[in-house]
Amino acid sequence: MDLYMMNCELLATCSALGFLEGDTYHKEPDCLESVKDLIRYLRHEDETRDIRQQLGAAQILQNDLIPIIVQYPQDKQLFDAVIRLMVNLTQPAVLCFGKLPQEASFRHHFLQIVSYLQAYKEAFANEKIFGVLSEKLYDLLQLDWEQRQEEDNLLIERILLLVRNVLHVPADPDEEKNIDDDANTHDRVLWAIHISGMDDLLKFLASSQSEQQWSLHVLEIISLMFRDQNPEQLAGTGQARSAKEQSADAAELEHLRQKELAEKKSRVLQRSSRHSRFGGCYVIQGLKSFGDRDVVMHKGLQNVKNYSHDLAKEVRRVPKRRQLARDGEGVSRRSALNVRLFLKEFCVEFLENCYNRLMCLVKDHLIREKAQQHDETYYLWAMAFFMAFNRASSFQPQLVSETVSVRTFYFIEQSLTKYYEMLLMDKKEATSWSRRMHLALKAYQELLKTVHEMDHSQDEALRNSSHIIKNNIFYLMEYRELFLTLFRKFDATKQPRSFLKDLVETTHLFVKMLERFCKGRSSLVVQSKKIKRKKKPASSAVQPRAPEELEKMWPRLAEQIDKCIKGAEPLPEDVVPFDAASEIPLEEQRAEAMVRIQDSLLAGQAPEALSLLRSAREVWPEGDVFGSSSLGPDEETELLRQIFFASLPRQTAAETDEPEEAAEEEEVAEEELASVNVSEKEFNFLDYMKRFASASVVKAYVLLFKNYQQNSAHTNHCVVKMLHRIACDLKMEALLFQLSVFCLFNRLLSDPAAAAYKELVTFAKYIVGKFFAFAASNKKAYVELLFWKSTAVIREMTEGYALAEEDETSNSLKAVQWTEEDEEELRELFYKYKEVEGEDILNNILAHLTTRNWTRKQVAKRLVRLGLAKSLRDFPRERKGTRIVLWTEDQELELQRLFEEFRDTDDILANVMRHITAKRSKARVIEKLLSMGLVSDRKELYKKRRRKPGSLAANKDMFPKDFAIPDLDEAEEDDEEEEEEEEEDDLDSEEEGESAWKDGGHDAGNRPLGGQPNKKGGTASDRDRQELVRCLRQEGLSGPLLWLQNCLNRTASDREEDGCAQPVPLVPLSEENEDAMEHKRFQKLLRKVGIRAPASEQESFWRIPAKVSPEQLRQAAASIASKEVETKEETKEQEAAEEHLETEEPRCLTAEKEEPIQPPLGPKRRRLVIDCEEQEEGNSQGSSDEDELQPAGKRKCRRIEEEEED
């Protein structure tokens, strides 16, 4: 649809509003209904905002709505409807589209709506419309809360929103090319607000206690009123200019005059006496062309200085993502004098009557999250603007006392951190987050300036207040590190130069205040935070000693112990035998305490050992493990002697075959568990300034230095002051030895107006002079110009490269000086094993070096230093577990000896793995034991689990031999099978286990496990699987069994259709199926069916193997489904048996049977007890002897269950 052609229905609706005759507007009878229809049309406009554009093109607001408001303010319904329509039409274009459109077509619609909004703002620059709005708002505010209706509150809010929308309309830079002190559209709107008295109503809303709900609306309107104003210039409006300002303007004018004269002089020198046709052809000696010849220039001699090889080259296009961020601030201009005078008066009255109260309310709304998103930006703007105005006009800190506090510093610091994090995450809105970050920085800057101004006040109370605030700020580490963080994280592609300018000036002020604060006192104590990472406890490093050596040591220790007992030698008092905050149980800490006592004795520290013994006796008095409390001196000495000679078990850190990824994950986990250690230390200002001596900080300062011509004198001073601190105070002028910095100095020194930048020129000459003096002693200085340098590189440059390498080597823990013989031997070994394939060269060198104290890293570094290798990357990191492949004869004998030694223990494999010299995986050790014939089945290596005394299987011996309890044997077998399966999972976790399905074997439902046929014609595997399915149905897992059956059938169908097979994971989507997948018996059934468990940590689900055929899958599903019929028959038999027992059993047993038992998914032992009850009830049709004995067994099972619950 053509947007310039109005829709016929819309045109009819607009025609029904009325018509304007001269200055009088005549409304139609259907005017109210037409306004409501327009509101309805706007509600259903399309994504191009066609209705809004058509109404804007027809100028409905200028020709109809504003005249209706002006001439019919008494018609309440019409007034409310027109205000609603005007609020909708004037809302910002960004709200209409949701965000700034990126497509060209939508961008066109966006700009079209902006142009209509600018026309609306021009129409609102009228005193009559604001006069009507002010009168209406005044009448509504006169109503008490009891008389005010909900419609009145809505109308107040809509009037405030309408004023906000009008002020929010951006200025048109093409239409408003006015000079300073001339009124533009925004100024005329402000003047209309002032004449109508709307500004007084805004101040009333900001100061009234009964109108707190409009505080954020008022603050937003005020921020839009002052968006083009400079607080310092506004504060000086109407006052005579001071001598300082006049001298500054005169200096600026003189600077411009000198610059103009220098440019004119350079143009005169370039002008040739001959015309261009006789330019000539010249050869520039010393400047080479593309070949070996000198450059030939076909221009006049006056242009020889401007010649460059880059003249004919195309300018390289900078990618959009690498372009520098643009400043969002427009060109600053001064409003008309009468507007500035009225705004100044408004600021003065606002500070005196409204500021503290309004800012307190807004801060409360922000903290309690009652405000809308990003409303804190208005709070930050108001803080920066009004504090700057108060500082520039007549400094009265009591007028801004609400925002001069440590809490405000904390709020701004948190806002800066949040904005920076969002700047990194929300990259599409990076510009918006950067602006918010800039607002927070400006507020922080004004807060520091106010505190600095208070510090220079004549009032002693103000100086004391500023001293308290500075003491709190400088004490906390967050505020001291804030500027360092902002400099290091500065990104010129996301943050504009204006942000960098404010950051440099704020940092200059903060460092200046901190330096002055430190000079006024002898020492300053500040807070320091260090990240303390939790490390794994190191294993005991004490080497075992021979008994003869211990016998020689004991007499001397006994003499020391005797002196300590008699009091001749003091005992240490800070010995603690256990850690109360540790996660290690106290029983394990008791064993560690015993080991610590022995370590103290072995180290010759008898007093510490005696103190540990007595402390441990108080902590663990039970059992007299550390002796009784009534021990005599001789008995205490004897107890220490026994501990000294005892062979105590120690925790050894066995090498594991963990991959590098697992080690990295452990390091990440340790970092996450890191805690912050807060302490206090004495502050050193020079140490703090050394933190600024980094390449990232200097880069930011140099970036701002490049705009020295556009910078103010104060900004240039801040830049040079920080660079002077780094170069002179810290003696690190080499940090500025960089080619781009020297190019900047060259441009500065060759500037015709360089006399106006005396401070910059002096500093540039100082750095250049230092560089040439340094280059005279270090010929590599010219190469170092190409790189940004760190402090370590600067130290190498100034103190010598070889010296730095020696210091680095001497600082390492295992550093040993390399002699010429060692280096010669290293060369020979390197050339010898260089060409050997399939082996690690460093391992071969380390194995044949005469000196055995070299590490792998030291040898690699020395090879690089000797020029035998290019870098350390030529030597890949050694992978653990890949070096040992073949078993030597000695290793086989050791393995056989360890197996014979530990074959009678509960865990043979663990003991062998713990004591074997050549560390290998469990799978490799098991394979070797099987191949050597030491074991015939891997199950012999499983860990033997001992029964608890109260377990059901252990109580089996309490019954007579002829006492039939069928489920006890089955429960014991199930436990053993589950334990074996757990052991198999542990052993096979390092290698891929064989699938339960074999190619060419029997079907899954008929493959015998034990080889013995069942009485019913099936195998032992069928019987076990049927029993498992029956037990699972009795436990309430019928739903998961049906889900498993459907999965098998669905997979079989898919494989028949596709013709190919892949492993299919079983993904439980319901909570019931998830619980079933963690059920031990259900997992056992999955293994019986042939479904593979997760092979590694990479997998999360059980999988149907790819080699299983569709027929096998359908047979497995049928074997699960076939149990439903059998279960129903068994249920009928149980019901018949219960009827029989009701007629023959005693009453006591009948009472017990009447209690329903619902078997939950609880612990395994509790489930076994419940299964026993159900088995007994199901088998109650047996012999009479069994019927008499079963109730006793039943009561026994119930008593076990009650003990478990207790």
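Is Q59 buried, exposed or partly exposed? At 38% relative accessibility, Q59 counts as partly exposed, where buried means under 20% relative accessible area, exposed over 50% and partly exposed in between (1.4 Å probe, protein chains only). The structure is a predicted model, in which local features need pLDDT of at least 70 and side-chain atom pairs count only at pLDDT 80 or more, while totals for chains, interfaces and linings use all residues. Residues are numbered from 1 along each chain as its sequence is written, and side-chain values use heavy atoms, with hydrogens and water left out.

Q59 sits in the loop between α3 and α4 (60-71), and its phi is near 55°, a positive value in a residue other than glycine. Helices (H or I, at least four residues) and strands (E, at least two) are DSSP runs, numbered from the N terminus. R49, in the loop between α2 (31-43) and α3 (50-57), also is not a glycine and has a positive phi of about 60°. With a relative accessible area of 17%, R49 is buried.

Strands β1 (residues 18-21) and β2 (residues 24-27) run antiparallel and are joined by four bridges. L20 has Y25 in β2 as its bridge partner. Two residues lie between the strands of this hairpin, and G22 takes a positive phi near 70° there. Strands β3 (residues 282-288) and β4 (residues 294-297) are antiparallel too, with four bridges joining them. V283 is placed opposite V296 in β4, and the hairpin that β3 and β4 form has five residues between them.

Turning to the surface, L739, V783, L786 and F787 form a nonpolar patch with about 380 Å² of accessible area together. Patches are made of residues with over 30% relative accessible area and no salt bridge, with like charges joined within 9 Å and nonpolar side chains (Val, Leu, Ile, Met, Phe, Trp, Tyr) within 5 Å. Accessible areas come from the Shrake-Rupley method with a 1.4 Å probe, and for residues only the protein chains shown count as cover. A salt bridge is a side-chain nitrogen of Lys or Arg within 4 Å of a carboxyl oxygen of Asp or Glu.

A patch of negative charge gathers E1071, E1072, E1074, D1075 and E1078 on the surface. Lys and Arg count as positive and Asp and Glu as negative, whereas His and the chain ends are not counted; the place of a charge is taken as NZ of Lys, CZ of Arg, CG of Asp or CD of Glu. D1075 is part of helix α45 (residues 1071-1077) and is partly exposed, with a relative accessible area of 37%.

Helix α41 (residues 922-931) has A923, V925, I926, K928 and L929 buried. Just after α41, G933 takes a positive phi of about 80°. L929 and E892 are 37 residues apart along the chain, with their C-alpha atoms separated by 9.3 Å. E892 itself is in helix α39 (residues 889-902) and counts as partly exposed at 26% relative accessibility.

Notes
Two strands pair if DSSP finds at least two bridges between them.
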